[in-house]
Amino acid sequence: MRDLKTVFGFELSNKLKEKTVRLTTIIILVIILIATFIPTLVSMLSGDSSGDSGDMGQNTGGHSYEGVAPLSDEYGYVIENNAISEEALKTLYPFFQSKSYPDEKALRDAIEKEEIKKGILVTSATSFKLIANDLSMYDTSVQSISASLSRFNRDLFLSKEGIDPAKVDQAENVQIQADTEILGKNALTGYAFAYVGMFMIYMLVILYGNSVATSVAREKNDRTMELLITNTSSNNLIWGKVLASMVVSIGQLILMILVAGAGIVLNRDNYPEFMIRMIKEGITIDALVLFIVFSLFGSLMYYFLYASVGALVSKVEEVNSAMTPIQFVFIAAFLLSSMGLNMPDGTLMRVISIVPFTSPMAMFIRYSMTTVPIVDLIGALVLLLVTLYIMAYLATRIYRMGTLNYGNRIGFFKAVGMVFKNVR
Amino acid sequence: MRLEVCNINKSFSGRHILHDVSFRVESGKAMGFLGRNGAGKTTTIRTLMNVFEPDSGEFLLDGKPFDRQKYKIGYLPEERGMYSKISILDQLVYFGELKHMSRSDAKKSARKWLERFELAEYEKKPLDTLSKGNQQKIQILQAVINDPDILILDEPFSGLDPVNAQVLKELIREYIAKDRLVIFSSHQMGYVEEFCDDVTFIKSGRIILSANLKETKRDMGRNKLRIKISGMDMNEAQKRISAFSDIRVDMDRQSLIVECLNNRTPNEFLSEVISNNLPVELFSFYEPSLEDIFIQLERDEGLDGIDSKTEGGGIG
């Protein structure tokens, strides 16, 4: 135990002294802080400019335009062959403030000279063409104009039939009161926590797993292993190293949560109501405990796997290629969990939330978004702990065995085979 | 303290590397462990340090199984290995702590040794900023930081300049004087000859000689004489003397070396030299250097002959 403490202390102090660890922490924290300010920045920017995104505000086609942003000066229009009454059209958004042009050529010239941004060529009561220099990805002009013309045609039709369109509007706009009572979990509110948590585990494992593997490989590369194992057991060496990485990563995680929390509190007035609800209702104590337990044991399991890989190479430069299979497994776990976010009740999610290599991410996603049977929960935890134990055992044995295996790199499975052969 | 290495065998991938390796080391004496590259020196030392377990055989300390946890051991491996990017003091303290010293004692000891090895100014520098010789000294400091009872040094002199070699020699002498158990392997015979009371030679994983150095020299020099003829070229003198009966003549840079065969005495040989009017410039008993012994043993072919020497050397 004393040796474990010594190794842990040494590894921890070296990790904290590493410039890359400090720099990465600062960069991540700054990014998180900036991210929490995004709603404030967006609201500041949208308050200052008239925007040119093609967002047409409170469309559409009603008879009242109060509160509609004066975007219509972006538009010009031409009505071909008197296809529709200009006077009637003027009652519709966005025509009501747009400038009329005599023909298509004039309309195009105006666009090219940037007098207007978009031109509407109305060819009949039911057809039109939108002309624009550039169109943003999110432009909704076509939908809005279509809705306006559709409304126009509907009103025309209703009037012809002797029905007052206003009455129909009234009939259509009866307000419905809807209340939802959720006895289990609301997938929507759990989504944010699940999503953020998944990324946090991804980062923990990738960043520090890499660092564990490199640190072991460096000891082998520098031939430090031989000195170390003549002074203490490989058990102490591997556990000390892995726990130090764990503590640093958890510390970083806590800092990230604190910074994110501070950012959200500072900017809470600018967050949409649904986001505040997501944060408040999505992060429950039990979900948080589950997240901590699974992320802790899951990361440890992966760190041991990374440590084994580090012990199998002879040179530090070989670590990256040796880590590829683990990265594949972990990235597959990440992708499967991402898929599971959209169907937390599905069979896929159930399976991946129990399998040890995917459960660290998948279980708490599932738990945050839906009700999980206690059997699944305990089963997943037991499987994870058993796998963690096996990985720790293998890492220790491989580290011990790797001490004197220089030269050709040994594959992970071959090394596992050698471990069991030696045990027998 | 008496450490006994008893019948150690070790194979790697079906290849038998160590064959019943046995020798004995006493405290207060240094034991020089010698052999050519690949002879099995480092493998033997590694099994002794439990870097890997032997397939069979045992290590005894004062007649009991050697429990490494009960003794303070200082080990300098052949493959030098410390952290290249970590500050010297930090890692020396770390190794001290792993050897069960308190942090403050480890720090105190590290500083004391750094001072003595004239490296105090580098204590905060990472190891790889030092010259190779200084890095080697740090590795040696790591081995002695806990004032070990047993000091095992694998090729400690390699990479050291004469001044630093002198510092290491003093250190080894100090440990011998403190009645500690010291084993070191080296290719540099001069150093071994300087300190070692006992020597062990290993060849192809077999111990071919393990004995007291002085006795070995005496045994191997028995019936051998040095002679130099005044005013005569050594080759010419060798030609003349080779014509005598019951002798074998060899030479080194210093003189001719004559071995008396078939119970011929040195007096009889000298009488014959004089009666042949050969003016004697030098005449003495021959004592082989360690290098001579090493080369001689390496030349010997056939394990039967070697085994008999081992037995004659009196290994435990």
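Start by selecting B:F269, which counts as buried because its relative accessibility is 0% (buried is under 20% relative accessible area, exposed over 50%, partly exposed in between, using a 1.4 Å probe and protein chains only). Before moving on, note that this is a predicted model, where local features need pLDDT of at least 70, side-chain atom pairs count only at pLDDT 80 or more, and totals for chains, interfaces and linings use all residues. Residues are numbered from 1 along each chain as its sequence is written, chains are lettered from A and ligands numbered from 1 in the order in which they are written, and side-chain values use heavy atoms, with hydrogens and water left out.

**Chain B**

Now jump to B:Y175 and look for B:K178 over the ring face, 4.5 Å from the ring centre (the test wants NZ of Lys or CZ of Arg within 6 Å of the centre and within 35 degrees of the ring normal).

**Aromatics in chain A**

Across all chains, the search turns up 24 aromatic pairs. Select A:Y202 and A:F334: the ring centres are 4.5 Å apart and the planes at 45°, so this pair is tilted. A:Y202 sits in helix α7 and A:F334 in helix α12 (residues 319-342), 132 residues apart (helices are DSSP runs of H or I, at least four residues, and strands are runs of E, at least two, numbered from the N terminus). A:Y202 is partly exposed at 25%, while A:F334 is buried at 12%.

**A:S141**

Finish at A:S141, in helix α5 (residues 141-160) of chain A. This serine is buried, with 0% relative accessibility. Show the side chain of A:Y75 too: a polar contact of 2.8 Å joins it to the side chain of A:S141 (a pair of N or O atoms within 3.5 Å; within protein, one must be able to donate a hydrogen and the other to accept it, and residues adjacent in sequence count only if both atoms are side-chain atoms).

Terms used
Phe/Tyr/Trp six-rings, centres within 6.5 Å; stacked < 30°, edge-to-face > 60°.
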